[in-house]
Amino acid sequence: MKDFTKELNFKTSRSSGAGGQNVNKVETSVTVLWNVSESEFFNDDQKDLIQNKLKNRINAEGFLFLTVSESRTQLMNKNKAIEKILEIVDKALFIPKKRVATKPSKAQKQKRLDTKKKLSDKKENRRFKF
């Protein structure tokens, strides 16, 4: 995971929720902004991958943004925001392995048929015969 925290910009605002009177006077909510297209830490392919996978989080100007207001302190919210944005970008860069289609072996097919036959015989033996 690349640490691109130097490219992050932070904005603060008053958050809603718990905090009592503190909510009305202290800006504890933190919004992280990161310009994906101007990043120096990622190559063009990685930038395209990030923009495609996170297109619902990237605005029209090309900024990836995330707002955190979970904690009552600005510093904790800032740390959580950094942690979350690094995690989101890391997940976006993950490329899953291609699935290779396989067929069941002869032994597996025979085992399945034998199991079906045993179950069929068991149920057949339960029936009353004249």
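Reply: Let us begin with accessibility: buried means under 20% relative accessible area, exposed over 50%, and partly exposed in between, with a 1.4 Å probe and protein chains only. At 62%, lysine 25 therefore counts as exposed. This is a predicted model, in which local features need pLDDT of at least 70 and side-chain atom pairs count only at pLDDT 80 or more, while totals for chains, interfaces and linings use all residues. Residues are numbered from 1 along each chain as its sequence is written, and side-chain values use heavy atoms, leaving out hydrogens and water.

Me: Where does lysine 25 lie, and where in the chain is confidence lowest and where highest?

Reply: Helices (H or I, at least four residues) and strands (E, at least two) are DSSP runs, numbered from the N terminus. Lysine 25 belongs to helix 1. As for confidence, pLDDT is the predictor's score for each residue, from 0 to 100. Helix 1 (residues 22-25) has the lowest mean, 71, and helix 4 (residues 106-126) the highest, 96. The average for the chain is 87, and 95% of the residues score at least 70. Where pLDDT is low, the predicted coordinates should not be read in detail.

Me: How many aromatic pairs does a search of the whole structure find?

Reply: A pair of aromatic rings is described by the distance of the centres and the angle of the planes. Rings of Phe, Tyr and Trp (its six-membered ring) pair if their centres lie within 6.5 Å; planes under 30 degrees apart count as stacked, over 60 as edge-to-face and the rest as tilted. One pair is found here. It joins tryptophan 34 and phenylalanine 42, and is edge-to-face because the centres are 5.8 Å apart and the planes lie at 65°. Tryptophan 34 is buried, at 1% relative accessible area, and phenylalanine 42 is buried too, at 7%.

Me: Which residues have the most contacts inside the largest nonpolar core?

Reply: In soluble globular proteins, nonpolar side chains tend to be buried together. A nonpolar core is a set of buried Ala, Val, Leu, Ile, Met, Phe, Trp, Tyr and Cys residues joined through side-chain atoms within 4.5 Å. The largest one has 19 residues, and Trp34 and Leu64 have the most contacts inside it. Strand 2 (29-35), strand 3 (63-68) and helix 3 each give two or more residues to this core, and helix 3 gives the most, with seven. Contact means heavy atoms within 4.5 Å. Not counting residues up to four places away in sequence, leucine 64 touches several residues, including Trp34, Leu54, Ile85 and Val89.

Me: Is asparagine 77 buried or exposed?

Reply: Asparagine 77 has a relative accessible area of 0% and is therefore buried. Its place is in helix 3 (residues 74-93). Beyond its neighbours within four places in sequence, the contacts of asparagine 77 include Thr28, Val30, Val68 and Glu70.

Me: What does the side chain of asparagine 43 reach?

Reply: A polar contact is a pair of N or O atoms within 3.5 Å; within protein, one must be able to donate a hydrogen and the other to accept it, and residues adjacent in sequence count only if both atoms are side-chain atoms. The side chain of asparagine 43 reaches the backbone nitrogen of glutamine 46 at 2.8 Å. Asparagine 43 is in the loop between strand 2 and helix 2 (44-53), whereas glutamine 46 is in helix 2. Both are partly exposed, asparagine 43 at 43% and glutamine 46 at 24%.
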